Amino acid sequence: MMNNSFLIVLMLIISNFQSMAQKKDTIVRIDSFKSQYVTARTVDIWLPPGYQTEPKKRFPVLYMHDGQNLFDSKIAYGGQAWGVDSTIKRVAKQGLFTEIIVVGIWNTFYRFTEYMPEKPFLRLSDEMQELLTEEYEGEPKGDEYLKFLVEELKPVIDQNFRTLHDTDHTMIMGSSMGGLISAYAYCEYPEVFGRAGCLSTHWIGSLEGDFEEFSNAMAAYFADNLPAPGNHKIYFDFGTLNLDAYYEHHQLKIDSVMKQCGYTHNIDWLTKKFPGHDHNEKSWRSRLNIPLKFLAGTE
């Protein structure tokens, strides 16, 4: 639970923002969002232009990992941001997509452990668990990270912003390890996240090798835990360069599980291959419009 002083400060920030009555998109930043589950971190809440111009309207919400890489190239990894704000505004103008609120959750030193799905991890051999624990410098904290999102962050967002907070209008998205934790959130909290976007999902689990065992564990977990198709949607993709070049074989394994669980391609789930795309923000930015339209499009 958030303490009262935090909420008072947040409400003052929001009040000041609303008093400006700007007719453009705006970011509200919480510099240190405290949690009982994970280390404190910065959270950015991007409000689309319609948030000001349509004061009675409520908006779907997209929760995105690696928040410092989403909007501002000055602070983004490698100096290249996703351009989430410009993509949403462009696609919305085309009439194919409704404006949404984006909650960018910054990563921390514990990124790898927080984005590691715990239950699939426990399906691994002792040897693989030890390898990953050593590589990531700690035990997985994916369950704790998701509790932070669901029990602490989302209630504050829904309380203080005009959100559509039901399952159909709550999405989660990330790339690489962020794709893994997004898929995990989709399965662990299907009553919260009705849509998930997983770009360049890191199915091999490690940077030390192309491990079949990890994607096998993820596939087995999916088979047991995917929400029923019909009211949920999930998106996957991969490129063909560098780290992404490892993913196709593993993604096909996951796709097989999707079919076995009754998911219909291009309706309940979509997997896309992007030849020539790399494992970086530039590539993800160039194709972000595709998962956005699939997960929340008006068509």
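How closely do the axes of helix α9 (residues 212-225) and helix α10 (residues 247-260) come, and at what angle do they cross? The points below take up this question and then turn to other parts of the structure, which is a predicted model.

1. The axes of α9 and α10 come within 9 Å and cross at roughly 15°. Angles under 35 degrees count as roughly parallel, and the two helices are therefore roughly parallel to each other. The crossing in which α9 passes α10 is right-handed.

2. On the α9 side, the contact is formed by E212, S215, N216, M218, A219, F222 and A223. Their counterparts in α10 are H249, H250, K253, I254, V257 and M258. Sorted by class, the residues of this contact are seven nonpolar, four polar and two charged.

3. Strand β5 (residues 170-175) and strand β6 run parallel and are joined by five bridges. Within this pairing, I172 is placed opposite A196 of β6.

4. Strand β6 (residues 195-199) has five of its five residues buried, so the strand is largely enclosed by the rest of the structure. In a regular strand, side chains alternate between the two faces of the sheet. In β6 both faces are covered: R195, G197 and L199 are buried on one side, and A196 and C198 are buried on the other.

5. Helix α3 (residues 84-93) contains T87. With a relative accessible area of 2%, T87 is buried. Apart from neighbours within four places in sequence, the residues in contact with T87 are W82, R285, L288, N289 and L292.

Notes. Residues are numbered from 1 along each chain as its sequence is written. This is a predicted model: local features need pLDDT of at least 70, side-chain atom pairs count only at pLDDT 80 or more; totals for chains, interfaces and linings use all residues. Side-chain values use heavy atoms; hydrogens and water are left out. Axes are lines fitted to C-alpha atoms, for helices over the stretch in contact, and angles run from 0 to 180 degrees between N-to-C directions. Helices (H or I, at least four residues) and strands (E, at least two) are DSSP runs, numbered from the N terminus. Angles under 35 degrees count as roughly parallel, over 145 as roughly antiparallel, 65 to 115 as roughly perpendicular and the rest as oblique. A crossing is left-handed if the near helix is turned anticlockwise from the far one by less than a right angle, and right-handed if clockwise. Contact means heavy atoms within 4.5 Å. Ala, Val, Leu, Ile, Met, Phe, Trp, Tyr, Cys and Pro count as nonpolar, Asp, Glu, Lys and Arg as charged, and the others, Gly among them, as polar. Buried means under 20% relative accessible area, exposed over 50%, partly exposed in between (1.4 Å probe, protein chains only). Two strands pair if DSSP finds at least two bridges between them.
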